[in-house]
Amino acid sequence: MLSNDMLITGSVLYFDGRVRSVFLFIAAAALITYAVLRAVRHKSDIKTCDMVISINGNSQPLCALIDTGNSLREPLSDEPIIVCDKQLLDSGGLISEKEDYLYINCASVSGEIEIPCLRAEKIRLIQGKKEINLDNVWIGLSPRTLSEDGSYSALLPPELYNCMK
């Protein structure tokens, strides 16, 4: 017995004929269903892949978010740019202040910024059993941490990810 208006017997739910009670029960069930579906859909929409970046003979594994909002391109060649966490690459010994950078203006969530870019000798993208190697890919060095929870440290343009398919 749930209340004076509802009764459960076996797997059947019986209602008193009051419209208000039925309406409230249906509304509550709809809200709970909506919240669960939204949480599940949000988690499945986030796609990442493993990536190994090689610069100056050194390699660094990291996780990349496939970012449909990353439309950053090198202006002369029109090639896509992978945005990486500068601190991570710096701590891994991949970059130094002696590098010759190409500076590109880009819009970010926090406003307009200028990021240094360089070419990586090699990028290896890994998704399950699929793997692809890309040579001379542009890397943008973000001065800010890309993920608050540390779940990814690079933003991969979808067109580079689609090379794996």
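Me: Which strand is Val83 found in?
Reply: Val83 is part of strand S5. Keep in mind that this is a predicted model.

Me: Is Val83 buried or exposed?
Reply: Buried. Its relative accessibility is 9%, and the cut-off for buried is under 20%, so Val83 falls in that class.

Me: What is Val83 in contact with, leaving aside neighbours within four places in sequence?
Reply: Val83 contacts Asn70, Leu72, Gly140, Ser142, Leu146, Ser153, Ala154 and Leu155.

Me: How many residues apart in sequence are Val83 and Asn70?
Reply: They are 13 residues apart in sequence. In space, the C-alpha to C-alpha distance is 8.3 Å.

Me: Ser142 was on that list. Where is the place of Ser142?
Reply: Ser142 sits in strand S8. Leaving aside neighbours within four places in sequence, it contacts Val83, Cys84, Asp85 and Lys86.

Me: Why does Ser142 count as buried?
Reply: Because its relative accessible area is 8%, and buried means under 20%.

Me: Switching topic. Which helix does Leu88 lie in?
Reply: Helix H2, residues 86–91. At 25% relative accessibility, Leu88 counts as partly exposed.

Me: What does Leu88 touch, not counting residues up to four places away in sequence?
Reply: Gln60, Leu62 and Ser153. Leu88 and Ser153 are 65 residues apart in sequence, yet 7.7 Å apart in space, C-alpha to C-alpha.

Me: Zoom out. How many helices and strands are in the chain?
Reply: Three helices and nine strands. Starting at the N terminus, the order is β-β-α-β-β-β-α-β-β-β-β-α.

Me: What share of the 165 residues is buried?
Reply: Buried residues make up 35%.

Me: And what about contacts across the sequence? Which share comes from residues 24 or more positions apart?
Reply: Such pairs account for 57% of the contacts with a separation of 6 or more.

Me: Now the core. How many residues are in the largest nonpolar core?
Reply: There are 26. Those with the most contacts inside it are Met51, Ile53, Ile82, Leu89, Ile123, Ile139 and Leu156.

Me: Which elements give two or more residues to this core?
Reply: Strands S3 (48–55), S4 (58–66), S5, S7, S8 (130–142) and S9 (154–156), plus helix H3 (158–161). The largest share, five residues, comes from S8.

Me: What does Ile139 touch, not counting residues up to four places away in sequence?
Reply: Ile53, Ile81, Ile82, Cys84, Leu89, Pro116, Cys117, Leu118, Ala120 and Ile123.

Me: Pockets next. How much space lies in the largest pocket?
Reply: About 570 Å³. The pocket is lined by 21 residues, and Ala107, Ser108, Val109, Leu146 and Leu155 lie nearest its centre.

Me: Which strands each supply at least two residues of that lining?
Reply: S6 (102–108) and S7 (111–127). S6 gives the largest share, three residues.

Me: What is the lining like by class?
Reply: Ten residues are nonpolar, eight are polar and three are charged.

Me: Last topic. Where in the chain is confidence lowest, and where is it highest?
Reply: Strand S2 (residues 12–15) is lowest, at a mean pLDDT of 70. Strand S5 (residues 81–85) is highest, at 91. The chain averages 81, and 85% of the residues score at least 70.

Key. Residues numbered from 1 in each chain as written. Predicted model: local features only at pLDDT ≥ 70, side-chain atom pairs only at ≥ 80, totals over all residues. Heavy atoms only, no water. Helix = DSSP H or I, 4+ residues; strand = E, 2+ residues; numbered from the N terminus. Buried < 20%, exposed > 50% of the residue type's maximum accessible area, 1.4 Å probe, protein only. Contact = heavy atoms within 4.5 Å. pLDDT = per-residue confidence, 0-100. 1 Å grid on protein atoms, 1.4 Å probe; cavity = no way out; pocket = protein on both sides within 12 Å on 5 of 7 lines; lining within 4 Å. Points joined across faces, edges and corners; volume = space filled by probe spheres on them. Nonpolar A, V, L, I, M, F, W, Y, C, P; charged D, E, K, R; others polar. Core = buried A, V, L, I, M, F, W, Y, C linked by side-chain atoms within 4.5 Å.
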